[in-house]
Amino acid sequence: MREAIDPWTFVIASYVIGVGATAVMVAMSLLSMRRAERRRDAARKR
Amino acid sequence: MHGFANPARFLRIARWLMPICLGGGGILVGVALGWGLFFAPAERLQGETVRIVYLHVPAAWLGMAGWMGIAGASFAELVWRHPLAAIAARACAVPGAVFTAVCLVTGSLWGRPAWGTWWVWDGRLTSMLVLLFLYFGWMALAQANEASDGGQGKAPAIFGLVGAVNIPIIHYSVIWWNSQHQAPSITMGKSAMSAEFLWPLLMATFGFTLVFAGVVLARMRAMLADQQAEARLRRKAMNKVDF
């Protein structure tokens, strides 16, 4: 007997995880870059 | 290539290249995933689950490309003592590990409806899991090297080169051993995929590659800025000390 599986559940879960992980990675990279460059600029002004 | 070894020149290029990579990549990924999700047809045997391919294949490619980036940068660091090579290798590690993890998770989500199981210990899946562990090991080693040696030690570069042996193993695993995983559909200059699946897949792969490049550039800029801030603060502290 085959169990009924809704394929869209797996497709949507994949897209949420894939796109979500990419978006978080991009946001964290940009934030850490901004923070580091602000710290460097502050060190230059001191 | 040695022209980019100059951090000031690299920063000048990275300042305009990074937004282009992230913006262009984001647009391409959005269009390709929308195309794959809403307009590409379902496949005859796998039905709707084939839409996972538009995430799974780019993630697999970038998981492997990330390690090739580490290996290439490690080679440049060991042979030419390229000043940006160690930074480039460190910048590739996190996005490479993230895409390897995305590849494993989306593969598992695809395997459940397609094969009836979340996981099998076959050559392709196991070698990809090994790649994720190699990333974790490399990041721990690079961090320890930074903390103890100020990033001067060569151990991460040697590990990066040795770990590259796993890349051809991943690629040829479906040819060398019996596997649940299908053989490659796209090889150099040839594709077993029909155009209606191939074009959104190529667009998604190119788009994610641009996003990967943008993240690597952003991380390199962050590491360079951290190093410059540290050096400046250290110089000022030294100037204040009376001997």
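Buried residues account for 22% of the 46 residues in chain A of this predicted model. Chain A contains 1 helix and 0 strands. Along its principal axes, the C-alpha trace of chain A spans about 75 × 10 × 5 Å.

**Confidence of the prediction**

The model as a whole scores ipTM 0.91 and pTM 0.91. For chain B, the average pLDDT is 89, and 94% of the residues score at least 70.

**Where the two chains touch**

In the contact between the chains, 32 residues of chain B meet 25 residues of chain A. On the side of chain B that touches chain A, four elements of chain B each give two or more residues. They are listed below with their residue ranges.

| Element of chain B | Residues |
|---|---|
| Helix H1(B) | 7–39 |
| Helix H2(B) | 53–80 |
| Helix H3(B) | 85–115 |
| Helix H7(B) | 195–240 |

Which helix gives the most to this side of chain B? It is H7(B), with 13 residues. By residue type, the side of chain B that touches chain A divides into 20 nonpolar, 4 polar and 8 charged residues.

**The packing of H3(B) against H4(B)**

Within chain B, H3(B) packs with helix H4(B), which covers residues 123–149. The angle between the two helices is about 150 degrees, and their axes lie 10 Å apart. Because angles over 145 degrees count as roughly antiparallel, H3(B) is described as roughly antiparallel to H4(B). The crossing of H3(B) with H4(B) is left-handed.

Several residues from each helix take part in this contact. On H3(B), they include Arg90(B), Ala93(B), Gly96(B), Ala97(B) and Thr100(B). On H4(B), among them are Leu125(B), Met128(B), Leu129(B), Tyr135(B) and Trp138(B). The residues of the contact between H3(B) and H4(B) divide into 14 nonpolar, 3 polar and 1 charged.

**A residue in a loop**

Glu43(B) has its place in the loop between H1 and H2 of chain B. Is Glu43(B) buried, partly exposed or exposed? Glu43(B) counts as partly exposed because it has 16 C-beta neighbours inside 10 Å, whereas a buried residue would need 20 or more and an exposed one 12 or fewer.

Glu43(B) and Ala97(B) are 54 residues apart along the chain, and their C-alpha atoms are separated by 30 Å.

Technical notes
Residues numbered from 1 in each chain as written. Chains lettered and ligands numbered in written order. Predicted model: local features only at pLDDT ≥ 70, side-chain atom pairs only at ≥ 80, totals over all residues. Contact = placed C-beta atoms within 7 Å. Nonpolar A, V, L, I, M, F, W, Y, C, P; charged D, E, K, R; others polar. pLDDT = per-residue confidence, 0-100. Axes fitted to C-alpha atoms, helices over the stretch in contact; angles between N-to-C directions. Parallel < 35°, antiparallel > 145°, perpendicular 65-115°, else oblique. Left-handed = near helix turned anticlockwise from the far one by under 90°.
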